[in-house]
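Good morning, and thank you for making time for this.

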Amino acid sequence: MHLGNVFAALIAWLSVKSRSGALVLRMEDLDTQRTSEEFAQQLREDLTWLGLTWDWEMPAQSTRSEVYDRYFEILREKDLLYPCYCTRSQLHSVNAPHLSDGTYVYPGTCRNLTDSQRAAMKRSPAWRVKVPEGIWQLQDLAQGTFSQDLTKDCGDFVVRRADGVYVYQLAVTVDDGEAGVTEVVRGLDLLGSAPRQMYLQSLFGFSHPQYGHVPMLLAPDGRRLSKRDRDLDLGELRKHLSAPQLIGSLACSAGLIDQPAEISARELAGEFSWQKLRGEAIYLDAAQLMR
Ligand SMILES: [Zn+2]
């Protein structure tokens, strides 16, 4: 696990345990080239080392494509799907407006192709869901009010890739809905995707969960701590730090405790409040961690 994932997992656990809820573990392994059972096992082991226990584990996303097929059919029955034949370079044209997270606003190029135009296409299509006019708004536990107009901020979005793999938006909406997840805690980089999931939730008949998008961890110079910082992998940190040392450093940087201290996740649960976590960034001097 990278330190950013550790932080999000810690906050998810604290939020749940400070209110006697249950934590669901789920392997989001649709990108099969970057995942393996070995990684999954390492992740379970890292969470256990941190003291971040989970109450139950859902089946991995890679085993659930038949479930996702059923929800894909619901969208088809509502006449909300269409095939998109755009190439990557067409989608990434320099003129295309895009969101801060790099998502391109889809201009609807393939929305009104005729059947004969579709039949003439030589490549297999991705499938997009049509988005309606209107504002989607949520009250985020850490970020406050957030709203998006999907037609302007996103456009019709892909739910199944051309290679047949379902995308994050559809898979997590189905998984959260079927598991009865009431609170989603994850990194701020995913805030912009929440309105897409809220839209799918409404189509599938699921209630909207509460969202909490935790601030990003930044180096003191403002640089985002990234996966390239190999020394911030938990595998490396575990050689130098105990779990209470690491959790204490994260908790202090995040303002959950006033002074650096060794503290277990269990002890920290009593101190937890979303009020303390407001904002977009938490500054963490990684070099300090090792001292
Ligand atoms: Zn297209």
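The zinc ion takes its protein donors from Cys84 (SG), Cys86 (SG), Tyr106 (OH) and Cys110 (SG), at 2.0 to 2.3 Å. Donors here are N, O and S atoms within 2.8 Å of the metal, or 3.2 Å for Na, K and Ca; water is not among the atoms, so sites may look incomplete. Before going further, please note that this is a predicted model, in which local features need pLDDT of at least 70 and side-chain atom pairs count only at pLDDT 80 or more, whereas totals for chains, interfaces and linings use all residues. Residues are numbered from 1 along each chain as its sequence is written, and side-chain values use heavy atoms, with hydrogens and water left out.

What is the arrangement of the four donor atoms around the zinc ion? The angles they subtend run from 103 to 121°, which makes the arrangement tetrahedral. By the rule used, four donors are tetrahedral if all angles lie between 85 and 135 degrees; four are square planar and six octahedral if opposite donors are over 155 degrees apart and all others between 65 and 115; anything else is irregular. Ideal angles are 109.5 degrees for four tetrahedral donors.

Along the chain, the donors of the zinc ion follow the spacing C-x1-C-x19-Y-x3-C. Cys86 sits in the loop between strand S3 (81–84) and helix H4 (88–91), and Tyr106 in the loop between H4 and helix H5 (115–119), so this pair ties together parts that are 20 residues apart in sequence. Helices (H or I, at least four residues) and strands (E, at least two) are DSSP runs, numbered from the N terminus. Cys86 is buried at 12% relative accessibility, and Tyr106 is buried at 6%. Buried means under 20% relative accessible area, exposed over 50%, and partly exposed in between, with a 1.4 Å probe and protein chains only.

Let me stay with the cysteines for a moment. How many disulfides are there? The count is zero, taking a disulfide as a pair of cysteine sulfur atoms within 2.5 Å. For Cys154, the nearest cysteine sulfur is that of Cys84, 13 Å away. Cys154 is buried, with a relative accessible area of 2%, while Cys252 counts as partly exposed at 22%.

I turn now to the charged pairs. The model has 18 salt bridges, each being a side-chain nitrogen of Lys or Arg within 4 Å of a carboxyl oxygen of Asp or Glu. One of them joins Arg70 and Glu178, with the closest N and O atoms 3.8 Å apart. That pair links distant parts of the chain, since Arg70 belongs to helix H3 (residues 65–77) and Glu178 to helix H7 (residues 168–179), 108 residues apart. Glu178 is partly exposed, at 36% relative accessible area.

A further salt bridge, 3.1 Å from N to O, brings together Asp149 and Lys152. Asp149 is buried at 10%, whereas Lys152 is exposed at 58%. Arg224 also forms a salt bridge with Asp189, the closest N and O atoms being 3.5 Å apart. Both partners are in loops: Arg224 between strand S10 (216–218) and helix H9 (234–237), and Asp189 between strand S8 (183–187) and helix H8 (194–204), 35 residues apart. Arg224 is partly exposed, with a relative accessible area of 46%.

Next, Gln61, in the loop between strand S2 (56–57) and H3. Is Gln61 buried or exposed? It is buried, at 2% relative accessibility. Leaving aside neighbours within four places in sequence, Gln61 is in contact (heavy atoms within 4.5 Å) with residues including Arg26, Glu28, Tyr68 and Asp175.

Finally, helix H1 (3–17). Of its 15 residues, 12 are buried, so H1 is largely enclosed by the rest of the structure. Among the buried residues are Phe7, Ile11, Trp13 and Leu14. In the loop between H1 and strand S1 (24–25) lies Ser20, whose phi is near 55°, a positive value in a residue other than glycine. Ser20 is exposed, with a relative accessible area of 71%.
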